[in-house]
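Please find below some notes on how the parts of this chain meet, written to be read alongside the coordinates.

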Amino acid sequence: MVEERLVENYHENTIHGRHVPESIVVWDETLRDGEQMPGVHFSPEEKLRIAELLSEIGVGIVNAGIPVVSEEEAEAVHRLAHAGLRSKILAAARTVASDVDAVIRSGASHIAIFVAASQVHLRYKLKMTQEQVHAAALATVKQAKDAGLHVAFVTEDTVRAPFDFVERLYRGVQDAGADRLVVADTVGIMTPLTFRWYLEEFQRRVHPKDLSVHCHNDFGLATANTLTAVECGARAPQVCVNGLGERAGNASLEEVVLSLEALYGAKTGIRTDRLHELSRLVEETAGVPVAANKALVGYNAFSHEAGIHTHGILAHTLTYEPLQPEVVGRRRQMILGKHTGKSAIVEKLKERGLTAPDPILLELLSRVKRETEARSKEDLRRFLHHYRALYERPGLSDTDFWKMVEAVGLRPEKA
Ligand code: MN
């Protein structure tokens, strides 16, 4: 059934026996969901610098932010929309007329209109009935369409919402002109097989003209679920550079893109050889360090120390690397340490035109091991303590907050 739908909706691409839509559009959320990560803030200049690189490397859609958040945010969206980038600039709005107006004023060509759909969100957060949500969604989609925008409609917490409501709501907004429908796993509870079932059912019931997904990484499954969605025909997957985003983050741009390119043989239109540069720029701008063992962009993703591995890599890189580091703009690193073997020493000596007999090699090897085993971990510990201190209290300090409270004239009862 999935195959039939893919043939119907998209030109089929079956490289490696996996089915993916032919025209994949990467939809980046780094500047919106990524910025919503606790402690992260991008200035308009920083948003522009990141958007320029996203555009240069071939990202199709850049969510610049939510203009009603602040004046600075509105300015940032406006600047991105008028920067002449190749990426389509999208801005987000709640199902509120003034939010949509702010997006129209920003000059963005694309809008994502979002509202929650699950019972828990409607009852406790929005305090709205399904009827009210439905009416607000239809009205704002029409408003945005009348202004000539490309409209994506998103529900928060789609996958926990009653399916009958989801069906009625999405059919309604599509009939009202929405160009793209987005299914969100807002709290990251899908697994690949459950999500496959969900999206097949969604397609059977709603018949989306164009499908996108937004997956969170609460259980570390965001990339896997996003790939499943692409297999199900979602051609505009939402991603964040370095997997930034609320809580445990979103599906990571580099993981989704490289999986599609290398494992599925799909074309994403992304210059993958600049992904490391992009990762570094976002790491530095957001101030969120990339984990050393993060796929593709982590410091260790193409590093080898263990003797058996180094020996294999030196014989043929395919032994222990699924793809060449140059594909993401990186170089392979051979680390000399406790786990080093003789072949790494032989290779290292070659760099300066040296060869050595076995006893000398073994002597060098034991010196390398002794030296690195004896090395102090003090520097790393200091770094970690500093890092933890920064992260255990991000944002405004309590002291600064209570000073502000007094400055606006409130008098706290207790000190
Ligand atoms: Mn999100």
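1. For what follows, contact means heavy atoms within 4.5 Å, and the model under discussion is a predicted one. With that cut-off, what covers the buried residues of helix H11 includes strands S2 (20–21), S3 (27–28) and S10 (238–239), together with helices H3 (44–56), H10 (222–231) and H12.

2. Helix H11 is largely enclosed by the rest of the structure, because eight of its eleven residues are buried. The buried residues are Leu253, Glu254, Glu255, Val256, Val257, Leu258, Ser259 and Leu260. Just after H11, Gly265 takes a positive phi of about 70°.

3. The domain assignment divides the protein chain into domain 1 (2–286), domain 2 (303–374) and domain 3 (379–407). The C-alpha centres of domain 1 and domain 2 lie 43 Å apart, and their contact takes six residues from each of these two domains.

4. Between them, domain 1 and domain 2 bury about 450 Å², with 61% of that area on carbon and sulfur atoms. On the domain 1 side, Leu258, Asp273 and His276 supply 74% of the area buried against domain 2, more than any other three residues.

5. As for polar interactions, the count of salt bridges between domain 1 and domain 2 is zero, whereas three residue pairs are found in polar contact across their interface, both residues being at pLDDT 80 or more. Helix H11 (253–263) and helix H12 (275–286) are the elements that give two or more residues to the side of domain 1 that touches domain 2, and the residues of that side divide into three nonpolar, two polar and one charged.

Notes
Residues numbered from 1 in each chain as written. Predicted model: local features only at pLDDT ≥ 70, side-chain atom pairs only at ≥ 80, totals over all residues. Heavy atoms only, no water. Domains from an automatic or database assignment. Buried area = accessible area lost by both parts, 1.4 Å probe. Salt bridge = Lys/Arg side-chain N within 4 Å of Asp/Glu carboxyl O. Polar contact = N/O pair within 3.5 Å; in protein donor to acceptor, adjacent residues only side chain to side chain. Helix = DSSP H or I, 4+ residues; strand = E, 2+ residues; numbered from the N terminus. Nonpolar A, V, L, I, M, F, W, Y, C, P; charged D, E, K, R; others polar. Buried < 20%, exposed > 50% of the residue type's maximum accessible area, 1.4 Å probe, protein only.
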